[in-house]
Amino acid sequence: MTVQQFIDTVKRRSIIIWSVLAVGLALMYSFRGAVPSSFAGVSHVVLVAESGARDPSVSIVDLPSIATSTVVLQRVRNSLKLPISLINLKSNVSASVLGRSSIMAIGFRDQSAERAISVSNAVSDELSRYYDEISTQRYDVNVNRLSTALQTEADKLHALDVAMSGVVATNPFVVSDRSIDTITSQIAALDDQRAAALAQLQGDEALADTSAPDAALSKTARHEILGGDPAYQAALTTAARDSAQLVSDRASYTKAFPGLPGELAKVASENASIKREAARALTDPNAYSPSAAGSRAQHIRALAIVAGDVARVKQVDDLAGQERATLNAVPTIGAKYSQLNAERSALETEYTALATRRANALANRAEASSLGSVVVLDRAIKADTQLAGGRTRAAIVALIFVLGIAFGAAFLVESLDPRIKRAEEIEELYGIPVVATFGSKA
Amino acid sequence: MKHRIATDSLGREFRLLRNRIEAEIHAPAVLLVTSATDRDGAGLTAYGLAESLSKTHQRTALLTTSATALPAGEWSSPAMPSQRRRATDRLEAGNTTVEGGLSIVSISHERLATISRSSIAALVQGLRAEHDYVVIDGGGLPDNTFGLLLLASADAILVAFLAGRQQVTADRTMLDTIEKSEAKVLGVVMNDQETIDHFNDRVQKLDPGVARNVTVSKAPATPLVQRLEVALQRLGKSF
């Protein structure tokens, strides 16, 4: 379609176009209140480069694209937990370099003033961080790989340390070069201790033997028991009195005294009773003799000392046995410990080399980072919030939409009109060229 | 009905068409102006072309049946049979001029219904002998006996088309018909309805410039448009 055909069609269908425009404008006017206001927060960042240096990674012309990249915006979306889609966020974020300077304005348009400010600032912050990532990305790869290798070496070292600790725990002397001498000295000291303990044991045993109580009660003990028994004492008193009466009667009377046999029998009976009471008192389990009790206590203490001496001797024997077993195991465990120690030394060498390389990589990364950086120059604040003209933009969009519909309707009607109006259509119909047109509408 | 027609533009278009025809078809020649329907403005084209040719001192004859555009009662009046016959047979018609001019020969429907192919051929040959160009108004070709009769006599054909009408079956019929002839097809002339209506109004307003009871062939050989302009000026109307 040529320009002339376009103009002709517009002229022919001008009524449709004007009608649609009128309806569209009326609808726009009716629904003007449905378009909410929006706010724009604007922050500024500046690209700072080291004097005389040139950051090979990013230049100022690249910053708008980076600021509106999905990487940066997705991070902002996650950090702020924004309830809007990434596409919507991207469409409302604007970034433009101010003139030929190194300053870039970052704006965000939203119906909420607070969100407009926070998103604008968040994009600036994230841009600064992401710029550093880009500048040092090639070094980060090296650093990460070296860090991973270092961690692997550290794990190996830790495993070796654990193994060596286990070996040392079983044989603490392997860590010493004079472990055999030490163990031998220990054994000798233990032998001395055993000899002393054994002598002490023998002395204490002899002492215990001497303090062992007799099987029969001593006279003191019998006296103490019988003296403390009232029945025995009563029988003894009665027998003594009757014996005294008998002696008196014998002195006073002759053998022919009739009462004498009775008294003799009574005294004999009472003597027998005394013996019975003595036997009973001595066999009474409740009979108590302080001297016998003291002897038994002393003997028990002596036996306890002897038992302690025996235990000490046994303990010393055990320790000496362990020391001898350790002494026997020194050649095997020592070799294992030496192997582990050698492995650890090799690992330490590798670890040191890797650590040196990582330190160099970090230094290079820091140097690259210092070549240039994005600094947030001016954060969006409340005062910077402004009415962003959302209605104006919506009106422009709506007007364009209405114009599109108007012209679209005109050309749709034109295309559906079966009437032949253009010379091209006639030539297509007849296959004959049009040589003249008479009339303005032809 | 009042029509506002840019006569200057119309005249310029006819001059351009005339120049084109003069360049492609050399005199003497018979030009058939035809169309698929009788509403395409073949009459307008034929009249305008004939008038334009006559202005260049070409002896031009317009052969038409446009009596239909005039009040039918006037042409079918019993008082005028001899004049009509003479006119249609071209016995007394022929207001030819030596230094160009326009002769209009109109054939009535009654005569057209009875005229033979040889007679019409003889009429055309006679006109061709006396004129540089013979322009035939043969609109509505599929249904026009007059046009069909004269198709064989034509040296060139112009097709008129009414801009804004829909395609009809007659278009295909007309194309098939003119393809069978040996005449050279010069092209299509686009007309709009307003110009055609204006032309028809002018034809009907021949009175009083041209008496309706006189065959058009007897009208003065002055250009029709000029005559009309004079008549309209007398009536105090703009063209």
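Biologist: What joins strand 1 (residues 29-35) of chain B to strand 4 (residues 133-138) of chain B, and in which sense do they run?
Modeller: Six bridges join strand 1 of chain B to strand 4 of chain B, and these strands run parallel. Two strands pair if DSSP finds at least two bridges between them, so the six bridges here qualify as a pairing. Within it, B:Ala29 has B:Tyr133 in strand 4 of chain B as its bridge partner. Helices (H or I, at least four residues) and strands (E, at least two) are DSSP runs, numbered from the N terminus. This is a predicted model, in which local features need pLDDT of at least 70, side-chain atom pairs count only at pLDDT 80 or more, and totals for chains, interfaces and linings use all residues. Residues are numbered from 1 along each chain as its sequence is written, while chains are lettered from A and ligands numbered from 1 in the order in which they are written.

Biologist: Which strands form the open sheet, and in what order?
Modeller: The order is 6(A)-6(B)-5(B)-1(B)-4(B)-2(B)-3(B), seven strands with parallel pairing.

Biologist: Why is one side of strand 6 of chain A left without a neighbour in the sheet?
Modeller: Strand 6 of chain A and strand 3 (101-106) of chain B stand at the edges with a single partner strand each, and therefore one side of each has no neighbour in the sheet. On average, neighbouring strands of this sheet are turned by 20 degrees against each other, direction ignored.

Biologist: How many bridges join strand 6 of chain A to strand 6 of chain B?
Modeller: Four bridges join strand 6 of chain A to strand 6 (residues 184-191) of chain B, and the two run parallel. A:Phe438 is placed opposite B:Asn191 of strand 6 of chain B.

Biologist: How many residues does the contact take from chain A and from chain B?
Modeller: Chain A contributes 19 residues and chain B contributes 26 residues, where two residues are in contact if their C-beta atoms, placed from the backbone, lie within 7 Å. On the side of chain A that touches chain B, helix 14 (423-430) and strand 6 (434-438) of chain A each supply at least two residues. Strand 6 of chain A gives the largest share, five residues. By class, this side of chain A has 13 nonpolar, three polar and three charged residues; Ala, Val, Leu, Ile, Met, Phe, Trp, Tyr, Cys and Pro count as nonpolar, Asp, Glu, Lys and Arg as charged, and the others, Gly among them, as polar. For the complex, the predictor gives an ipTM of 0.73 and a pTM of 0.43.

Biologist: What makes strand 3 of chain B mostly covered?
Modeller: Six of the six residues of strand 3 of chain B are buried. A residue is buried if 20 or more other C-beta atoms lie within 10 Å of its own, exposed if 12 or fewer, and partly exposed in between; C-beta atoms are placed from the backbone. B:Gly101, B:Ser103 and B:Val105 are buried on one side, and B:Leu102, B:Ile104 and B:Ser106 on the other. Strand 3 of chain B also pairs with strand 2 (residues 59-64) of chain B in the parallel sense over six bridges, with B:Thr60 opposite B:Leu102.

Biologist: What fraction of the residues of each chain counts as buried?
Modeller: In chain A, 19% of the 442 residues count as buried; in chain B, 44% of the 239 residues do.

Biologist: Why is helix 9 of chain A called roughly perpendicular to helix 11 of chain A?
Modeller: The axes of helix 9 (residues 219-227) and helix 11 (residues 259-283) of chain A come within 9 Å and cross at roughly 105 degrees. Axes are lines fitted to C-alpha atoms, for helices over the stretch in contact, and angles run from 0 to 180 degrees between N-to-C directions. Angles under 35 degrees count as roughly parallel, over 145 as roughly antiparallel, 65 to 115 as roughly perpendicular and the rest as oblique; helix 9 of chain A is therefore roughly perpendicular to helix 11 of chain A. A:Arg222, A:Ile225 and A:Leu226 of helix 9 of chain A meet A:Ala278, A:Ala281 and A:Leu282 of helix 11 of chain A.
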